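Reader: Could you walk me through a few features of this structure and how to read them?

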Amino acid sequence: MVEGAGPNRPPSKVSPEFVRSFRSQLTSGEDVVDPSTWAGSVPPASGVAPRVRVWANRWFNLLWLLPIGFVVLITAVAGAKGLRSTGVVQLFIQQYPGTSAAAIGETAALPVWAGAQHFLNLFLMIFIIRSGVQILTDHPRLYWTRHSTPGRDWFRIQKPVPADPLWTAKNDSISLRGQVGLPGLRHSIGLARWWHLGTNVLWLLNGVVFYVLLFATGQWRHLVPTSWDVFPNAMSVLIQYLSLDWPPEGHWVAYNGLQLLAYFVTVFVAAPAALITGLGMSPALSTRFRRISKVFSIQTARSLHFLVLIWFLVFIVLHVSMVVTTGVLRNVNHMYASRDDNSWLGLMIFGVSMVVVTVGWVAATPITLRHPRIVQRAGFALIGPVQRLFEHLDAKPGEYTEADISPYFWHNGRYPDSDEYRALLDGNFVDYRLRVNGLVDNPQDFDLEQLRALPAQEQITQHFCIQGWSGVARWGGVSMQTIMDQVHPRPEAKWVVFYSLGDGPDGGIYYDTHPIDQMGYHLTMLAYDMNGAPVSFGHGAPLRLRNETQLGFKQVKWVKGVEFVADYAEVGGGFGGYNEDHEFFGYRQSL
């Protein structure tokens, strides 16, 4: 222990060798995923069938929708057949046969580029959906408020949270089978996010090209209703489909009303909604655009993002079903061969495309487990430029009030259990020292009283966990700008490393790095108080980092040391943090 620190003495100098000794306690992580030892040998954990809250403590098992839906479908078919026999409905169908007369002949037949982009959309969506479901299982609950309070979720695929004060969000995660989720391991959200965010970049680029070509060629008339009679035509088509006496298919040049509405919603409503709700879960954007995020909270965005997923899944099932049952040869020729006949060419091209899709589906998980660093690097290459843009959005305090503080704030991470930490905890942290060193002119060693004697900062901010839960708390502590004013970082210092008293799940102390420019942000601080009391054991006592432009795993708890470095590549495994080294997270996580 460094001598000379006390409540009435200035902080003492510490040697660079002393703080650098923290590095000897780090572990570098592996470059291949072993499922048996993954994330500290986290055991598989089954969830429950999807449930929706229908009353205070009553839940509806969504599996009941299968028999209920079958009964409703049979009843609807019988009802539609009865309606088709009435004169009024026959006249209605005669007046509105299904396809608007205004749409027929307005556009050319489906072009080749539409088929190519249709395939790309399909191929990319399998990775987006699989990885998205994997992300959901890391916090298998959805809420409508920013408070992720157990018992206040409206949807869950997990049992109720047990009455355990040390139950963590990681404990609450569940497993998926390897060919359902991507990559299919419990708590593999780091790799799942690279797949999800990286593939989404490609999907959005494909969508931009699609929009440009759509409006440049006049094909938008294929997807955008131009007459109000689309609604009675859609109702007519629905009756005809349900009565099993289907309308003639003419979508080579014009979709019927029901198809037109479905495609319009999918292309011009659901797709943009997926982007907007995804951005709504960004900590950097939420802390910057306060007025929007106060209403459109992360949990609202997450719930709506999930509902967009449901729309796409339902659309895909119905779309494929109708393609197969309404003339598969002609339909696949339209989309894959750009021709209107019953030849086998379109089906052959479709078969080849399905082989590519199947190979991609099957290979994604083993490739991820064998080459996770490639997934990590490729994902960052795709989404990294956007994250770098967002993380420079500094925010100011004042977004939330005391009334916004969450009634429940999840614990997370592996609790410290070393002899060093137990001794500090038992002694009420009297002997605790925060050691700040590295590329600074004035390395120092602070005890808690000295930290509390520095200019204090308070802020009420929202925490964004990478797993998906959130919470608002009032933090009190000392700003990192004040710490930097004390130690005077050198010009060559570009990154700041925070070391924890706790270990990561694979052994070695937990740490993470942050860009030095974010240390001067208004909301970046070392917190010793939470909600008016000293930070609790489960939330990081005695000191934890708050950098509100980043996700929760970067908010290092139980901080024991801070080191200013030129490049984080020289620390630990060289990827910027413990989770970055061991579980392939990203060192920039503003999204």
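Author: Gladly. Let us begin with contact, which means heavy atoms within 4.5 Å. Setting aside neighbours within four places in sequence, Thr461 is in contact with Tyr400, Gly471, Val472, Ala473, Trp475, Leu523 and Glu548. This is a predicted model, where local features need pLDDT of at least 70, side-chain atom pairs count only at pLDDT 80 or more, and totals for chains, interfaces and linings use all residues. Residues are numbered from 1 along each chain as its sequence is written, and side-chain values use heavy atoms, with hydrogens and water left out.

Reader: Is Thr461 buried or exposed?

Author: Buried means under 20% relative accessible area, exposed over 50%, and partly exposed in between (1.4 Å probe, protein chains only). Thr461 has 5% relative accessibility, so Thr461 counts as buried. Thr461 belongs to strand β7 (residues 457–464); strands (E, at least two residues) and helices (H or I, at least four) are DSSP runs, numbered from the N terminus.

Reader: How far apart are the C-alpha atoms of Thr461 and Val208?

Author: They are separated by 35 Å, with the two residues 253 apart along the chain.

Reader: And Leu313: which helix is Leu313 found in?

Author: Leu313 sits in helix α12 (residues 298–325). Its relative accessible area is 33%, so Leu313 is partly exposed.

Reader: What about Arg291: in which helix does Arg291 lie?

Author: Arg291 is part of helix α11 (residues 290–295). Arg291 has a relative accessible area of 81%, so this residue is exposed.
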